[in-house]
Amino acid sequence: MEIGLNHYLVLSTILFAIGLVGVMRRKNLLLLFFATEILLNAVNVAFAAISHYYGDLTGQMFAFFVIAIAASEVAVGLGLLIVWYKRHGSIDLDALTTMKG
Amino acid sequence: MFEAVAFYLFAFLTIAMFFIVVTTSQALFALSALAAGMIFISAFFFILGADFLGAVQIIVYTGAVMALYAFGMMFFDTTRDVKEKQGNKYIIVGLSTLAAVLVVVIFAMPMVSGNIVALYPGIDGVGNTQEIGLVLFTKYLIPFELAAIMLLVAMVAGIVLAGKKMDLSITLMNEAEIEEEKNKKVLS
Amino acid sequence: MEKYLYIALFAPLVSSLFSALFTATPKKLFTGIVASLLIFTSFIASTILLVHILKGGEPIHVTMMTWMATGDLYIPFGFVVDQISVTMMMVVTLVSTVVHVYSIGYMDHDKGFNRFFSWLSAFVFSMMILVMSDNYAGLFIGWEGVGLCSWGLIGFWFHKESATWAANEAFIMNRIADLGMLIGLFLIYWNTGTLQYDGAFTAFHELPAATLTWIGIFLFIGAMGKSAQFPLHTWLADAMEGPTPVSALIHAATMVTAGVYLVIRSHELYSLIPHVGLFIASLGTFVAIFAASMALVNRDMKRIIAYSTLSQLGYMFAAAGLGAYWVALFHLMAHAGFKALLFLGAGNVMHAMHDELDPFKMGGLKKVMKWTWIMMVIGSLALAGVIPFAGFFSKDTILEAAYSGNHMVIYGVLLFTAGLTAFYSFRLVALIFHGEERYKLFGIHPHEAYRFMLWAMSPLLLIAIGAGVLQTPFFDMVEEALNAHEYHIAHGTALIMLVGTQMFVGLAILYAYKKYANSRVTVPDGTSKMENSFMYKLLINQYYIPYAYEEYFVKPYRELSEVFWTKVDLKIVDATVDGIAAIIYGTGEKTRKMQSGNLSTMLTWMVAGLIGLLLLAVVFGLAARYSDEILVFLSALGV
C-alpha cells in the first residue's frame, strides 16, 4: 500500500486536533505549553510531507524556522511562567482572571 | 511496504504519546510522553527523506526544549495531581474534531494540490543536508539570521525573566517568608 | 507683473497665518506691526499694478492652478488685474493698511489683539480673492470668505450677547442672499457652460432676454445681501457691535461694496437688461432716502454712520443701475476714503469717551480732540458733497447721470437725500464737538488718540479732500473697460444745478449747526414734543422693520423649530439613535459573560472562531470553484 501525501496530512490533522484538545482542557500552564508544542509539531509534519511530495525544499525551510520559533517561545514562555509562579505560587489558569470583563 | 509499516507504526505511537500528554494528570508523565512523541515525529522526517530536519528535531526538541522544560519544572510544584478544567468535554472534543475535519476537507479538495510548482526543487546528486544548506544560505539567509537574532533575544529574555531572585524558592520557604517576599513587590 | 499680483494677493494671507500663530498667547505688539507691514506690502504691489494699468498696459491675467475639472466643468484659480479690479485692489489695500495701523492703537488694551489681526488680514485676503478672481466661482469663494471674516469680526467680543447675536444675524442674512447668488451662478453655468467672466459675457449676447433677466435678478439678490440693501439691510446697523476699525474697513469701505462691485463687474450683463438696471436704480434710490431718514434721529454715533453707509450704497446702486458704472465705481472709491475716515474718527471719539456712543452725552469735544474734529468735519463735508471735497465730484456725477437719463424722480429723491445727508452728518459733528460739554455730567475725561493713529488716518484725509482731482484720470482709465461716457448737460442748467445743490446742502449744514451746536441741547429724556411725534418714533424704531422681522419671521420659525424638535428630533431621530445604542449596549451586556478572563474559555472561543473561518474558507472555495454552475442555477431560479 502506497503512503501518499494525504496520509501525512490526515496524521498531521489528528495530531493538531489532539493539541487543540490539550489547549482547551488543560488548566496547568505548563501542560498548556506542552499542548502548543504538539500543535507546532503537527504542522511540521505537514510541512515536511508537502515538501517531500512536491520536491520543494521550502516546506523543510519552514519546518526549520518553526522549530527555531518554538525554541525561543519555550525560553521566553518558561521565563514568564517562573516569574508568575514566584508571584502567585500557582500556575493554575483559573487564577489568571485579571482580564475579566 | 516497509514505508507503510513504518508510517502506521509511528503514527500510532505518536498519536498515543500525544494523547497521553493531553490526558494524563501527572506532569512528569506528560513530559516524558512529549519527549517520546517528539522522537517519533522525527521518524516521519527520516521516512520523508528530510534527514537534516529529523536530526534537528531530535536535537532541538528532545535535547534542548525538553531539557528546558525539565529544568523549568523544578521551579514548580509538580508533585500534585494536575487538576483539569471543569467543562463540557463534548464541546472540546467536538470543536477539535470539527477543526481537524475541516482542515482535511480543505487539503483533500483538489483546489490546493492542482497547480503547485516547486519554488526550490531538490537538487540531484547531493544529500538532504547539503540541499538544505544550499537553499538556507542563499535564498533564506536573511530569515536565518533573523531567527538567530530572535533566539539570542529569547535567551536573554529568558534569563532576565527567570533569573531574578534565583536564590529564593517558594517551595522551601514557609508562609510568613512568602508573604514577606510578596510584600516587597520586587518582582512586580 | 505676475509676481506683483501674487504678492498683492498672498501677503494678507501670510499676515493672517502669522498672526494666527499667536492667537492663544497674550498681546504681542509685533503681530500688529508685521501684519500692517505685510498689508502695506500688498498695497505697494497693488500700486505698482495700478501704475502698470494707468500706463496703458494690458490687463494681467494669470491662471494659478486648476481648481475643478470634471467633465465639462472647468474652474481654475485664475486672477485678473484689469481697470476695475485694480481700482478695488487699491481701495481695499489702502483702507486696510490704514485700518491695520490704526488698530494697533485702537486695540491696544484688548486681550484678543493677535486674534484681531489674524481675522482682519484674513478678511483682506478674502476681499482680494473676491476682487481679483477671473471667474464667478472664485468671486463666490471670496464672497463667502469675507462673510466668514465679517462674522468673526462682528462677533469679536463674543462674550457680549449682543455681539454674537449681531454676528449671527449678519451671517444668516448673507446666507439668504447667497442662495440667490448661487442660483444666479448655476443659471449662468447652465446657460453658458462657463463661469469665466470672458466666456460668460460673450455667451450672454446669445441668450434670450428672459434668461438674462433671471440671471441678473438672482445675482442682484446676492449683491443685496452683501451690500445690505432693502429688505436685507438690518444686519448692517447691528454689525456696529464689532470693533470700530472693523466697521471702518468691512462695513463701510470694502465688504459692503462687494455687491456694487458685482454689479459693476457684471456690467456687460446688466447693460443687456436695462429694465433690471432700472429696478436696481430705483431700489438704490429708495434705500438712499430710507437709510438717510433713519440716520436723522438715531442716537448711536456708529449707527448714524452705518445708515449713512447704507444710504451711500444706495447712491452707488442707483448709479450702477442707470448704467453709469464708472460713476458707481468712482463713488465707491471716494466713499471708501471718507467713510473710513469718519468711522476711524468715531473710533477716536469712542476711545476718548470710554465707549460711549450717544452723541447727546458728548458735546464740546472740539477743545480736547482738535485733530479728530478737523478730520471728522472734512469727512462730513466730503460725505455731504460740498465742493471741492471728494463726495462732491462723485455724488454730483451720479445726480448728473440721473438727470441726463431723464429719470427725474430718481434725480429728485437723490437730491433731497443729499440734503438729508448733509443734515445728519453735521448734526453728528455738532453734537459731538460743539456746544456745551455735556460729558462732564457723566464724569468722563476725554483725551486725544495716539499720535500715530492720527497719522495713520491721514491718507484717508487726503482722499476725502482731494479725490476730485482723480476723476479725470480715473475716467480715462476705465473708459474702455466700463464703456463709460461723460454726462453732458447744457452749461446753464449744469451751473444752476451745481449752485442749487450746493446751496441746499449748505442750508442743511447751517440748520444742523443752528439746531444742535448751541448750549440749549440736553440729553433727551423721552419727554420732549418731538420725541413723542409719530415720525420720530417711526424713524428711531427703524420703521419697525427689525420688529416685524422678529415678529413675522423669527418667532414663527422658532415655533416651527420647536415642533420639529419635540416631534421629529426627539421622537424619531433621537429615538432611532438611542435604539441603535441600546441594541449595541444590550448585546455587550449579554456577551459580557464571554469575557470571563479565563484563558481556557478564551482558547475555546478562539478554536470556535477558527472553525468559523475554516468553514468560510470551504464555502468560498466551493463557491469559487463552482461559480459557473451556481450562476446557471441562479439564473434558472430567475434571479
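Trainee: What should I know about the model and the numbering?
Mentor: It is a predicted model, in which local features need pLDDT of at least 70 and side-chain atom pairs count only at pLDDT 80 or more, while totals for chains, interfaces and linings use all residues. Residues are numbered from 1 along each chain as its sequence is written, with chains lettered from A and ligands numbered from 1 in the order in which they are written.

Trainee: How many residues of chain A are in contact with chain B?
Mentor: There are 62 residues of chain A in contact with 70 residues of chain B, where contact means that the C-beta atoms, placed from the backbone, lie within 7 Å. On the side of chain A that touches chain B, the elements giving two or more residues are α1 (5-25), α2 (29-54) and α3 (58-88) of chain A. Helices here are DSSP runs of H or I with at least four residues, strands are runs of E with at least two, and both are numbered from the N terminus.

Trainee: Which element gives the most on that side?
Mentor: That is α3(A), with 23 residues.

Trainee: And how do the residues on that side divide?
Mentor: They divide into 41 nonpolar, 14 polar and 7 charged, where Ala, Val, Leu, Ile, Met, Phe, Trp, Tyr, Cys and Pro count as nonpolar, Asp, Glu, Lys and Arg as charged, and the others, Gly among them, as polar.

Trainee: Switching to chain B, what is its secondary structure?
Mentor: Chain B has 8 helices and 0 strands.

Trainee: How do α1(B) and α2(B) cross?
Mentor: Helix α1 (residues 2-23) and helix α2 (residues 27-47) of chain B have axes that come within 8 Å and cross at roughly 155°. Axes are lines fitted to C-alpha atoms, for helices over the stretch in contact, and angles run from 0 to 180 degrees between N-to-C directions. The two helices are therefore roughly antiparallel, a label for angles over 145 degrees, with under 35 as roughly parallel, 65 to 115 as roughly perpendicular and the rest as oblique. The crossing of α1(B) and α2(B) is left-handed, meaning that the near helix is turned anticlockwise from the far one by less than a right angle, whereas clockwise would be right-handed. The residues of this contact divide into 18 nonpolar, 2 polar and 1 charged.

Trainee: Is F45(B) buried or exposed?
Mentor: F45(B) sits in helix α2 of chain B and counts as buried, because it has 27 C-beta neighbours inside 10 Å. Not counting residues up to four places away in sequence, F45(B) touches A48(A), A50(B), L53(B), G54(B) and Q57(B).

Trainee: On to chain C, how do α6(C) and α8(C) pack?
Mentor: Helix α6 (residues 161-192) and helix α8 (residues 209-226) of chain C pack at an angle of about 150°, with their axes 7 Å apart, and are therefore roughly antiparallel. The crossing of α6(C) and α8(C) is left-handed. The residues of their contact divide into 13 nonpolar, 7 polar and 2 charged.

Trainee: How many bridges join β1(C) to β2(C)?
Mentor: Strand β1 (residues 60-70) and strand β2 (residues 73-81) of chain C run antiparallel and are joined by 9 bridges, and two strands pair if DSSP finds at least two bridges between them. In this hairpin, with 2 residues between the strands, G71(C) takes a positive phi near 60°.

Trainee: What is the phi of A228(C)?
Mentor: Phi of A228(C) is near 55°, a positive value in a residue other than glycine. A228(C) lies in the loop between α8 and α9 of chain C and is buried, with 28 other C-beta atoms within 10 Å.

Methods: Contact = placed C-beta atoms within 7 Å. Buried ≥ 20, exposed ≤ 12 C-beta atoms within 10 Å, placed from the backbone.
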